[in-house]
Amino acid sequence: MATPANQDSQHGDFRKYLPDLSTPRFTTIAQNDAYGHAKELKDKQAPPWLYGLYTHWRKLLQEPFKGITNDGVVRPGLFQIRDEGVPIGRIVVAAQAVVSQLTPEQAAKTILHIDSPEWRTWSNPEFLLSDKGVRLDEIAPALRESVLAVLKETLSPEGYAKALGAMRINHFLGELVRAPRVMNEYSYNFVLFGAAPSATEPWGFSFYGHHLCLSVFLYRTQIVVSPWFTGAEPNFIDDGPHKGTRILDVEERLGLQLMQSLGKETQDAARVYKLMKDPAMPKGRWNHDDQRHLCGAYRDNRVVPYEGVVVASLSAEQKGLVVQILEQYLLYLPTRAREMRLADVKAAFDETYFCWIGGHGDEDPFYYRIQSPVIIVEFDHHSGVFLTNGEPAKFHIHTLLRTPNAGDYGWALRSQIEGGEQDYVWEG
């Protein structure tokens, strides 16, 4: 049975895999800032697997946005304009405080059109591949605090704490591998979309960097936080001022509890591959960066067929575990919006699938996905990127959420928003 005590040991194992910092990779990154580090990738095309992925991402960006689907066909009518009780007035005031402090040069990079394709150029590696907006580790402390205030007013208290945890763990990793100018608590970019923060017109923002990427669309009292990515390597801080910080352990524990609760026949149906890198996987099902997850950066139009078992067929207790998992994935949303989204998701349990890759013993790394017409969440244990574990380990975790059928970036809501007044008569 998965328990917090088991997780303490597994998450603390990361120190066995600290890298040799005298190798060229780490002596180079120690001397670089974010821009030099990205230039190394683009100029030297190294590491080749990530450069190849970067060029593939740029090709995907050329496709018009459609949205993730299970069969290539976007279903209309799944998302409606509604009152979700979001404190839009406080959020607007916080965002206006950011705008008021921007220089003209900063504003030109930070305030983009509501339909800008730059919504889609977030990515989770530490390389700064899309340089837009303001970067928190470069700006004045007052402006940085104002950006964080936007996050604090927009997200739930629990969601804001989770985001701060991811940022602090990123700083901890930067200290472990001596790359503080590339990975630190503030190595994140912030960009606004829309003419101006507004209580009546659509707008939003993107906050992105290593292991934390949030796409937030706002319209009146409604919010969409999707897509988002949250990861950690390691997922536990064992030293320093934020010692004891841990994220993604609840999603891990609940997912394993769900899989372990299933009967043998149902487990076999849910488990689509036995090995984390299985010879039975078709080409493209695993790649060096995403590994098993399918819906990461730039995969805005991916077709992801349903796999596994239907949640409606599970017992009441098992459905309860699914709900608890999804509550964790909806944690960034304010309370009322979260409750409404959770009701949407539960209403689709007849077409909600749970699938699994890997073992399901207490020590086993694993991947799982929960997918329906209105939500996709993924959880994946990864092999080392900065740490040296060659196989997936419990202390390196990637999670993400997507809203399929054009729900990402609030896209499905935009066609329902009334346009501005077209009539104009000059009264002079």
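Arg292 is buried, with a relative accessible area of 1%. This description refers to a predicted model. Side chains of opposite charge can pair when their charged atoms come close. The side chain of Arg292 meets that of Asp380 in a salt bridge, with an N to O distance of 2.7 Å. Asp380 belongs to strand β11 (residues 376-381), while Arg292 lies in the loop between β7 (271-273) and β8 (309-310), so the pair ties together parts that are 88 residues apart in sequence. Asp380 is also buried, because its relative accessible area is 0% and the cut-off for a buried residue is under 20%.

The loop between β7 and β8 also holds Gln291. Most residues other than glycine have a negative phi, and most peptide bonds are trans. Gln291, which is not a glycine, has a positive phi near 55 degrees. Its relative accessibility is 4%, so Gln291 counts as buried.

A salt bridge is also formed by Asp300 and Arg402, whose closest N and O atoms are 2.7 Å apart. Asp300 is in the loop between β7 and β8 and Arg402 is in strand β12 (residues 397-402), so this pair ties together parts that are 102 residues apart in sequence. Asp300 is buried, with a relative accessible area of 0%. For Arg402 the relative accessible area is 0%, and this residue is buried as well. In the whole structure, the search finds 24 salt bridges.

Two packed helices are described by the angle between their axes and the distance between the axes. Helix α1 (residues 4-11) packs against helix α9 (residues 249-261) at an angle of about 120 degrees, and the axes are 11 Å apart. This angle makes α1 oblique to α9. The crossing of the two helices, α1 and α9, is right-handed. Pro4, Gln7 and His11 of α1 make the contact with Asp249, Glu252 and Arg253 of α9. Of the residues in the contact of α1 with α9, one is nonpolar, two are polar and three are charged. Within helix α9, Asp249 and Arg253 are four residues apart, about one turn of the helix. Their side chains meet in a salt bridge at 4.0 Å, N to O, and both Asp249 and Arg253 are buried.

Asn405 is located in the loop between β12 and α13 (411-414). This residue is buried, with a relative accessible area of 3%. Asn405 is 333 residues from Gly72 in sequence, yet their C-alpha atoms are 9.3 Å apart in space. Beyond its neighbours within four places in sequence, Asn405 has contacts that include Ile68, Thr69, Val73, Val74, Arg75, Pro373 and Ala412.

The loop between α3 (34-44) and α4 (48-61) contains Pro47. The peptide bond from Ala46 to Pro47 is cis, with omega near 0 degrees. Gln45, in the loop between α3 and α4, has a positive phi of about 50 degrees although it is not a glycine. With 42% relative accessibility, Gln45 counts as partly exposed. A cis peptide bond, with omega near 0 degrees, also runs from Ser226 to Pro227. Pro227 lies in strand β6 (residues 222-232).

Terms used: Residues numbered from 1 in each chain as written. Predicted model: local features only at pLDDT ≥ 70, side-chain atom pairs only at ≥ 80, totals over all residues. Heavy atoms only, no water. Axes fitted to C-alpha atoms, helices over the stretch in contact; angles between N-to-C directions. Parallel < 35°, antiparallel > 145°, perpendicular 65-115°, else oblique. Left-handed = near helix turned anticlockwise from the far one by under 90°. Contact = heavy atoms within 4.5 Å. Nonpolar A, V, L, I, M, F, W, Y, C, P; charged D, E, K, R; others polar. Buried < 20%, exposed > 50% of the residue type's maximum accessible area, 1.4 Å probe, protein only.
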